[in-house]
Amino acid sequence: MKLLSSMRRQRSLSNCAPISARELADRAMRSAISRADGSAEFVHQQNFDRAVARLVRLIPIPAESAEWFSEKDLVPTSKRTWKKMLRNPAVLAISIAVAVIAGVFVFNFASHLNDFPGSVTARKLLGVAASMRPVMLDPVNTDAGTLSDLFFMKHGLEHYDVPAEFADFSTIGCRVFEDDESRRIAQIWVAEKRMQFFLFPAERDSKTGVVLRFPGWRYIHQEGWTGAVTEHSGVCFMAAVRGRDKDLERYLSKSTDK
Amino acid sequence: MQTILSGKRTAPAGLPAPLDTRKVRELFRGPSSVPDRKQNLPQLYRFCFLMLGDSRKAQEVFHTTLREAAQRAARGELPGEPFWLFRDARWRCLEATKSDLQPESLEMDEHDVASEAASQIQRLDPTQLAIWISAAPDPQRSALALFYLDEFDYREILDLAELKLSELSLFLANGRRQLQAWLDAKFPQPTEV
């Protein structure tokens, strides 16, 4: 019974034998063909099928329909336009990533464009100024310029002088503290615009120990605070105020006019 | 979508508006711009012609199938299954002939396939063959059209025509014998003395 069924299936398969001599992936069909191969009936069937298939391939394609699949147009690849490329999600993602990286790089470059020796410390001190309260300082009511003697006499800090531009300002308080690198820093709070002054050691060359000098006043910004920094005798002075450059400019231009 | 459907050329009377050839070619081009065997458009037209036996009707079904496919592609709804264009075209062919006169289920003459069948077939015109196949009742018509396209293996034909192996085998064997009888009637062989 099983044999009969198998033979019937073989017969069915040989009736459906492929016309072209293409590689057969189907094992059952390969087996059916190998059994039928050589018999006159199967040879006639194959010749018959090939002849019909040849005739089918001669069916003309009307011009209106042939336009849709002309071979010369099928093979060349479609041109890659810029628009298409830009719409590609991968290209889009890479472009955005590159733009962000470039933006960060430009921002960093721009923010460090006006860097000077001691700018890192000055920036940290602007952060200190932002978080400071007057009660945290020793109350002192005098002119800022006179405090250099106090710093020298009480703390042994030489050349911690307030520049002439800010020497006349009335103070509210002052203190001397050490930063995270054990550098001694003097801080003065003045009544004028709730301004704060910082005096700290200027940056030195790590090999030679020579003070790295810079001329005039340099501006620095951090979290809405602005500092004007100058260096004199190896000590940097910074006037810090919540605001912009112009809030400090008028004090500095006054001194220039004088 | 407008660009796909609006062709620059004018369609012949009775035919659907032409599609944008470039768009359609892009749609049915296989991966890496290699034409996909499964969506072979010339074979699709020949299939329509074998199913309908009439060039105008075949073109109409062919164009409608492609237009529908283009619209589905524009909506991102192209089926993932292979040969869907052929399956779609088959149903359209069956739909197109539903209102036509249907062939009666008569006992047709059947002859064994002869050794000289190939030479008889060579004398045929492709249109005559298409008319003969299109006159067969479905699903034999679909089986013969799909088989003689020489595009699909038997498993693919079983899937497309929704047949069992025994049915396909019977339709093909009967088809050969019936076509042989028709060939013998059309081109009688000189009787041997």
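Which strand of chain A pairs with strand 1 of chain A, and over how many bridges? The legends below take up this pairing first. The structure is a predicted model, in which local features need pLDDT of at least 70 and side-chain atom pairs count only at pLDDT 80 or more, whereas totals for chains, interfaces and linings use all residues. Residues are numbered from 1 along each chain as its sequence is written, chains are lettered from A and ligands numbered from 1 in the order in which they are written, and side-chain values use heavy atoms, with hydrogens and water left out.

View 1. Strand 1 pairs with strand 2 (residues 171–178) of chain A in the antiparallel sense over two bridges, where strands are DSSP runs of E with at least two residues, helices are runs of H or I with at least four residues, and both are numbered from the N terminus; two strands count as paired if DSSP finds at least two bridges between them. Within this pairing, Pro139(A) lies opposite Gly173(A) of strand 2. Strand 2 is also joined to strand 3 (residues 184–190) of chain A, again antiparallel, by seven bridges, and Cys174(A) has Ile188(A) in strand 3 as its bridge partner. The hairpin of strands 2 and 3 of chain A has five residues between the strands, and Ser182(A) in this hairpin adopts a positive phi near 60°.

**View 2. The whole sheet of chain A.** Seven strands of chain A form an open sheet in the order 1-2-3-4-7-6-5, with antiparallel pairing. Strand 1 (138–139) and strand 5 (218–222) of chain A are the edge strands, each with a single partner strand, so one side of each has no neighbour in the sheet. Strand 4 (residues 196–201) and strand 7 (residues 235–242) of chain A are connected by six antiparallel bridges, and Gln196(A) faces Ala240(A) of strand 7.

View 3. Strands 5 and 6 of chain A pair in the antiparallel sense over five bridges, with Gly227(A) in strand 6 as the bridge partner of Ile220(A), and their hairpin has two residues between the strands, Glu223(A) in the turn having a positive phi of about 45°. Eight bridges link strand 6 to strand 7 of chain A, which run antiparallel, and Glu231(A) stands opposite Cys236(A) of strand 7. In the hairpin of strands 6 and 7 of chain A, which has two residues between the strands, Ser233(A) takes a positive phi near 55°.

View 4. The 14 residues of helix 1 (residues 2–15) of chain A should span 20 Å at 1.5 Å a residue, and the end C-alpha atoms are 20 Å apart, which agrees; the expected span is 1.5 Å times one less than the number of residues. Gln10(A), Ser12(A), Leu13(A), Ser14(A) and Asn15(A) are buried in this helix. The buried residues of helix 1 pack against helix 2 (27–36) and helix 3 (40–57) of chain A, together with helix 9 (154–161) and helix 10 (165–186) of chain B, a contact being heavy atoms within 4.5 Å. Chain B has ten helices and zero strands, and 50% of its 193 residues are buried.

Definitions and conventions
Buried means under 20% relative accessible area, exposed over 50%, partly exposed in between (1.4 Å probe, protein chains only).
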